[in-house]
Amino acid sequence: MVLRNLLLILGATIGAGIFSLPYVVVRSGYVSVFVLLVVLGSAMGAVNYFYYRIVVSIKKSHQFPGYVLRILGKRYWLLSLLLILGSTYGALLAYLNLGGHFFAQLFQVSDGYGLAWFYVLVTVPFLFLRGQLELWDHIVTIIKMALFAALSIAAISLIIHRPSHMVVPAITRDISIAYGAILFALAGFSIVPELKKMPTKSIHVFAYSQVVMVVLYALFSFGFAGNISQTGEFVFTGLLGRLLDGAGLFAVYTPYLLFSWVAYDMYTKDLGFSSTSARLMTLLVPLLLLLIGSANFAQIIAVTGGIFLGGIGYLIVKMYKKRFPHEIHIYLDMLQLLFIVGIVAEVIKLIR
């Protein structure tokens, strides 16, 4: 049970966000990124655990808006719906965008063909592998983690042999983009309702998953800093280039599938959509957003993380405080303040 849930968390969380981090290190500085990785990694582990306790305390299965309605009432339900739709479709848009690019690079086809093939690869399992989707996800996640283990070794080598002319700043004023990107890369709220109940060691699963991600992200972001653009493109060719493309394809594949089912469950369980309508909404909206045009990859990640996921984190803590009033303490208030500050900073940046 512990391993199963750990694989689900890692499979759903490690996705497109990791490829924004090398660019973010250059924009915000490695000190800013490393401090935020530790702070937000701890915060996300705690919030995921709080959300898990909320889920297991309620017998009927829901997605995020359903739990908000049960605990906080209709006043916050509409807000939660807007936040989960924004975060889910923001994530799916980022995954679809980057997945198509990785497929095109790996198999040396045009970006249009890459996007079409990636869309087919995620649509077929979504439509036809519901019963076996979890096993399929576990297999792909294991392959993904093996590829990233190899990339971590490559990142260490790049750090050791970094050219003297490639200077990575320690800290800059552009910290808000780092906040949103790191929050996106670490947040795994949406998969929590899909986890199985763990009689013991539940807190350890969330701690282990966050430690794995923080270490992986730290190595990857600093090692490849300056070598990945804001659109997710690499400057590497040869074996390392193919390894990056392959890891990228696997990295966005499992989160796309899992977030698709989260969206489907939300439509059917919490909003009363028919199965057919829920499938159409899940499959077509990201494609339409991509076709009508969207912001660049880094901006999608920053906005989705800083605003939508920050808002979800705030409401999860608010639900926890109401569901378990005897456990209220200053740490929960500090978590909520962290999310509020991040949202305000991202909104100010967008206005400017």
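## Terms and model

Buried means under 20% relative accessible area, exposed means over 50%, and partly exposed lies in between, with a 1.4 Å probe and protein chains only. Helices are DSSP runs of H or I with at least four residues, strands are runs of E with at least two, and both are numbered from the N terminus.

This is a predicted model, in which local features need pLDDT of at least 70, side-chain atom pairs count only at pLDDT 80 or more, and totals for chains, interfaces and linings use all residues. Residues are numbered from 1 along each chain as its sequence is written, and side-chain values use heavy atoms, with hydrogens and water left out.

## Overall fold

The chain has 13 helices and zero strands. Its radius of gyration is 19 Å, close to the 20 Å that the globule rule gives for 352 residues, so the chain is as compact as a globular protein of that length. The radius is taken over C-alpha atoms, and the rule is 2.2 Å times the number of residues to the power 0.38. Along its principal axes, the C-alpha trace spans about 55 × 45 × 45 Å.

Of the 352 residues, 55% count as buried. The accessible surface comes to about 14,900 Å², and carbon and sulfur atoms hold 70% of it. Accessible areas come from the Shrake-Rupley method with a 1.4 Å probe; for residues, only the protein chains shown count as cover. Contact means heavy atoms within 4.5 Å. Among contacts between residues at least 6 apart in sequence, 85% join residues at least 24 apart.

## Nonpolar core

The largest nonpolar core has 110 residues. Helix α10 gives the most to this core, with 15 residues. Such a core is a set of buried Ala, Val, Leu, Ile, Met, Phe, Trp, Tyr and Cys residues joined through side-chain atoms within 4.5 Å. F148, Y217, I316 and M319 have the most contacts inside it.

Y217 touches T13, I14, I18, L21, L37, A185 and L186, leaving aside residues up to four places away in sequence. Two of these partners, A185 and L186, are also among the buried residues of helix α8.

S190 sits in the loop between α8 and α9 (202-223). This serine is buried, with a relative accessible area of 8%. S190 touches Q63, I84, F259 and V262, not counting residues up to four places away in sequence.

## G11 in helix α1

G11 belongs to helix α1 (residues 2-13). It is buried, at 0% relative accessible area. G11 touches D137, T141, K144, T254, P255 and L258, with residues up to four places away in sequence not counted. L332 is 321 residues from G11 along the chain, and their C-alpha atoms are separated by 27 Å.

## Salt bridges

The structure holds two salt bridges. The cut-off is a side-chain nitrogen of Lys or Arg within 4 Å of a carboxyl oxygen of Asp or Glu. R242 and D245 form one of them, at 2.6 Å from N to O. Both lie in helix α10 (residues 238-270), three residues apart, about one turn of the helix. R242 is partly exposed, at 31% relative accessible area. D245 counts as buried, at 2%.

D333 and K321 also pair, their closest N and O atoms being 2.7 Å apart. This pair links distant parts of the chain: D333 is in helix α13 (residues 330-351) and K321 is in helix α12 (residues 297-323), 12 residues apart. D333 is partly exposed, with a relative accessible area of 38%. K321 counts as buried, at 18%.

## Nonpolar surface patch

F107, V109, Y113, W117, V120, V124, L127 and F128 make a nonpolar surface patch of about 810 Å². Patch residues have over 30% relative accessible area and no salt bridge; like charges are joined within 9 Å, and nonpolar side chains (Val, Leu, Ile, Met, Phe, Trp, Tyr) within 5 Å.

Helix α6 (residues 111-128) gives the most to the patch, with six residues. F107 is found in helix α5 (residues 74-107). This phenylalanine is partly exposed, at 47% relative accessible area.
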